[in-house]
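I opened the notebook to record what I looked up, one entry per topic.

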Amino acid sequence: MGLIVITAGHSNTDPGAVNGSHREAEIACEMRNIIAHILRSDYGLTVKTDGTGNQNLPLRDAVKLVRGSALAVEIHCNAAANKRATGIEALALSRHKAVCQAICTAAAEASGWKLRGDKGYKPDNAGQHRRLAYAQAGGIVFEPFFISNDKDLAWYKENTWKLCRAVAGAIAKAAA
Ligand SMILES: [Zn+2]
């Protein structure tokens with residue numbers, strides 16, 4: 001069983017997308033911490049993260065962790081000017097397409113959110129995170145929901161652990 005890397009998008013100085021008092025970087029940190037905890041405690045996996053607690057190291061540090069890992073996933077939130085934009089997607093190199101689809105499908109089954117792209121998969125040059133260094137290094141950029149969608153954000157706040165459990169299960173299965 002190889003090393004799993006779970007990192008949080010953006011950083012302590014770059015909040016990412018914002019909706020009211022909710023910041024993408026903080027949601028990413030919360031999901032990173034919970035998913036890493038579940039992978040360690042429920043699945044006995046070795047997990048590296050880009051910080052603990054509220055610490056969210058910048059992208060250059062997260063990218064360094066990707067190399068040498070069996071599977072690396074960075075959590076982001078999607079965002080759009082259209083408040084109704086919704087759905088789940090994961091961006092990566094094409095060799096990770098099946099894993100992206102498995103993680104997105106698990107999140108969709110837990111949340112009821114739709115899958116964007118090809119059953120959740122989008123190439124690394126798609127969308128607002130085009131040519132992401134993280135994906136180019138071999139990692140998966142996972143965007144489970146739109147922080148700009150008030151309804152989806154509210155669901156996330158109520159069901160954080162449910163979503164993280166589903167995602168962790170798919171990651172553990174993919175890494176097996
Ligand atoms: Zn982001």
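How many nonpolar, polar and charged residues are in the lining of the largest pocket? I counted by class and found three nonpolar, six polar and three charged residues. I note here that the model is predicted.

**Entry: the pocket**

I looked up the volume of the largest pocket, which is about 180 Å³. I then listed its lining, which includes Ser11, Asn12, Pro15, Arg23, Gly53, Asn54 and Asn56. Ala25, Glu26, Cys29, Glu30 and Asn33 also line this pocket. Helix 1 gives the largest share of the lining, five residues.

**Entry: helix 1**

I checked the length of helix 1 next. It has 18 residues and reaches 26 Å from its first C-alpha to its last, close to the 26 Å expected at 1.5 Å a residue. I looked up its buried residues, and among them are Glu24, Ala25, Ala28, Cys29, Arg32 and Ile35. An α-helix has 3.6 residues a turn, so residues three or four places apart point the same way. What covers the buried residues of helix 1 includes strand 1, strand 4, strand 5, helix 5 and helix 6.

**Entry: the zinc ion**

I asked which atoms of the protein are donors of the zinc ion. Along the chain, the donors follow the spacing H-x13-E-x51-H. Glu24 lies in helix 1 and His76 in the loop between strand 5 and strand 6, so this pair ties together parts that are 52 residues apart in sequence. Are these two buried or exposed? Glu24 has a relative accessible area of 3% and is buried. His76 is also buried, with a relative accessible area of 3%.

**Entry: helix 6**

I repeated the length check on helix 6, residues 160-175. Its 16 residues should span 22 Å at 1.5 Å a residue, and its end C-alpha atoms are 22 Å apart, which agrees. The buried residues of helix 6 include Leu163, Val167, Ala170, Ile171 and Ala175. Among the elements that cover them I found strand 1, helix 1, helix 3 and helix 5.

**Entry: Ala92**

I found Ala92 in strand 6. Its relative accessibility is 0%, so I put it down as buried. Leaving out residues up to four places away in sequence, I found that Ala92 touches Cys100, Tyr121, Lys122, Pro123, Asp124, Ala135, Gly139 and Ile140. From Ala92 to His10 I noted 17 Å in space, C-alpha to C-alpha, and 82 residues in sequence.

Note on methods
Residues numbered from 1 in each chain as written. Predicted model: local features only at pLDDT ≥ 70, side-chain atom pairs only at ≥ 80, totals over all residues. Heavy atoms only, no water. Helix = DSSP H or I, 4+ residues; strand = E, 2+ residues; numbered from the N terminus. Expected span 1.5 Å × (residues − 1). Buried < 20%, exposed > 50% of the residue type's maximum accessible area, 1.4 Å probe, protein only. Contact = heavy atoms within 4.5 Å. 1 Å grid on protein atoms, 1.4 Å probe; cavity = no way out; pocket = protein on both sides within 12 Å on 5 of 7 lines; lining within 4 Å. Points joined across faces, edges and corners; volume = space filled by probe spheres on them. Nonpolar A, V, L, I, M, F, W, Y, C, P; charged D, E, K, R; others polar. Donors = N, O, S within 2.8 Å, 3.2 Å for Na, K, Ca; no water.
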